[in-house]
Amino acid sequence: MTSMAAPTRQDALDLDARDPLAGFHDRFEPLPDGVVAYLDGNSLGRPLREIPTAWADFARDQWAGRLIRGWSEGWMELPEQVGDELAAAALGAAPGTTVIADSTTVNFYKALRAAVNIARAADPARNRVVLDRDNFPTNRYIAESLARDFDLELVWLHPEPASGVTVAEVEAVTDERTAVVTLSHIAYQSGYLADAAAITAAAHRAGALVVWDLCHSVGSTEIELDAWDVDFAVGCTYKFLGAGPGAPALLYANARHHGHLDQPIWGWLGRRDAFEMEQGYVPAQGISAMRSGTPPIPAILGVRAGAAVVAEAGIGAIRAKAEGLTEFVLSLADEWLVPLGFTVTSPRETARRGGHVSVDRDDARELCLRLVEAGVLADFRTPNTIRIGLSPLSTSFTQVWDALAVMRDVAGAAPVAPAADVPADALASTG
Ligand SMILES: *Cc1c(COP(=O)(O)O)cnc(C)c1O
């Protein structure tokens with residue numbers, strides 16, 4: 001693609017023919033009839049074909065076959081075991097540092113409070129949490145709840161809309177009053193990929209801890225939690241990992257903090273010797289201290305399948321394909337969409353761009369509904385953003401070309417009239 005003209009469909013076919021990950025497309029359940037392309041895999045990943053089988057096998061052999069005995073025959077250890085599998089495949093984290101549990105929202109609450117508790121134990125004067133206005137709502141609200149209950153001061157960054165939080169911005173507001181810096185590795189709106197290593201180092205220089213949200217980077221981008229010396233991290237498994245709607249989240253705590261993991265939801269399964277049913281709470285050893293209640297076993301098997309396919313493909317190859325797909329979308333968007341009044345709001349610099357591309361136009365909400373009708377499932381984000389999610393293992397260049405051609409045609413037709421009667425949740429999606 002050296003010319004300025006839009007890539008042709010033949011270009012897309014050629015890119016697919018050279019794609020080392022093309023073989024993975026058939027590992028997923030086929031797209032339903034009428035769907036041209038699925039551009040929402042960053043919100044809800046498509047199911048691997050093996051997941052329905054794994055769930056049916058589990059129900060028959062394990063649940064029906066073993067009944068209550070299953071809990072002492074391996075189910076109970078699954079959160080840590082699959083945590084290790086995911087840590088090795090996608091997190092750059094040592095065994096024993098990651099658990100699969102609860103939702104990202106709940107894990108974020110637990111991790112943020114545990115981090116604040118560690119920082120305040122070292123210095124009670126540290127009462128600030130640094131975060132950004134463009135972070136995902138759940139992260140902002142949880143931080144606000146903590147600030148209210150524990151007398152914390154929130155320090156809000158206002159990153160450039162088309163980009164995200166920089167090292168310099170963090171450095172400017174992080175000092176001896178800061179307990180924790182918490183940000184998203186990849187911004188859900190713009191797709192900005194933050195320099196997690198450098199920001200973590202900057203927070204540490206000021207004596208603060210970090211909590212990273214990996215929802216949009218786990219399974220799409222290289223992550224090195226141990227090497228970056230991250231304190232805590234949380235993230236979704238139903239987006240790029242494709243573990244299924246509402247699948248439990250990951251929670252990572254650096255081994256350096258084990259033994260001081262003071263999280264707030266003192267459930268029986270986070271207690272040492274849970275089955276002794278003793279009076280009083282004593283945290284379990286290691287990452288298990290971050291557990292609370294009974295784990296959702298079938299859903300964790302979905303996480304296992306997602307981690308396994310990432311391990312098989314290799315996260316480096318997945319990242320390379322994400323770069324190729326986002327670049328391809330940008331070249332089509334510049335030729336086809338920008339002349340129609342769209343603005344590209346994702347970073348132009350490849351190294352700073354995650355696995356999706358966002359384009360804005362005032363009628364994005366209506367347009368997105370038209371696209372769904374035309375078989376292109378993309379994502380609307382208020383107030384005027386269409387997110388083009390590009391899950392590398394399940395998305396081909398040809399699908400992207402076809403989808404963008406539909407988008408060009410739909411958006412190029414007469415301006416879409418505002419649909420006043422569109423309910424706010426007509427385009428609901430997670431993340
Ligand atoms: C998707 C997403 C979440 C979702 O949290 P849930 O508890 O699974 O609903 C949280 N944070 C970020 C940054 C996300 O992108």
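Modeller: Let us begin with the residues in contact, bearing in mind that this is a predicted model. Lys-321, Gly-324, Leu-325, Phe-328, Val-329, Leu-332, Trp-336 and Leu-337 in H10 meet a set of residues in H12, namely Phe-397, Val-400, Trp-401, Leu-404, Ala-405, Met-407 and Arg-408. Sorted by class, the residues of this contact between H10 and H12 comprise 12 nonpolar, one polar and two charged.

Colleague: Which quantities describe two packed helices in general?

Modeller: Two packed helices are described by the angle between their axes together with the distance between those axes. In this model, helix H10 (residues 315-337) packs with H12 at an angle of about 25°, and their axes are 10 Å apart. H10 is therefore roughly parallel to H12, since angles under 35 degrees are counted in that way. The crossing in which H10 passes H12 is right-handed.

Colleague: At what angle do the axes of H11 and H12 cross?

Modeller: The axes of helix H11 (residues 364-373) and helix H12 (residues 397-412) cross at roughly 125°, coming within 10 Å. H11 and H12 are therefore oblique to each other, and H11 passes H12 in a right-handed crossing.

Colleague: Which residues in H11 and H12 meet?

Modeller: From H11, Leu-367, Arg-370 and Leu-371 take part, and they meet Val-406, Met-407, Val-410 and Ala-411 in H12. By class, this contact of H11 with H12 has six nonpolar residues, no polar residues and one charged residue. Met-407 of H12 is listed in the contact with H10 and also in the contact with H11.

Note on methods. Residues numbered from 1 in each chain as written. Predicted model: local features only at pLDDT ≥ 70, side-chain atom pairs only at ≥ 80, totals over all residues. Heavy atoms only, no water. Axes fitted to C-alpha atoms, helices over the stretch in contact; angles between N-to-C directions. Helix = DSSP H or I, 4+ residues; strand = E, 2+ residues; numbered from the N terminus. Parallel < 35°, antiparallel > 145°, perpendicular 65-115°, else oblique. Left-handed = near helix turned anticlockwise from the far one by under 90°. Contact = heavy atoms within 4.5 Å. Nonpolar A, V, L, I, M, F, W, Y, C, P; charged D, E, K, R; others polar.
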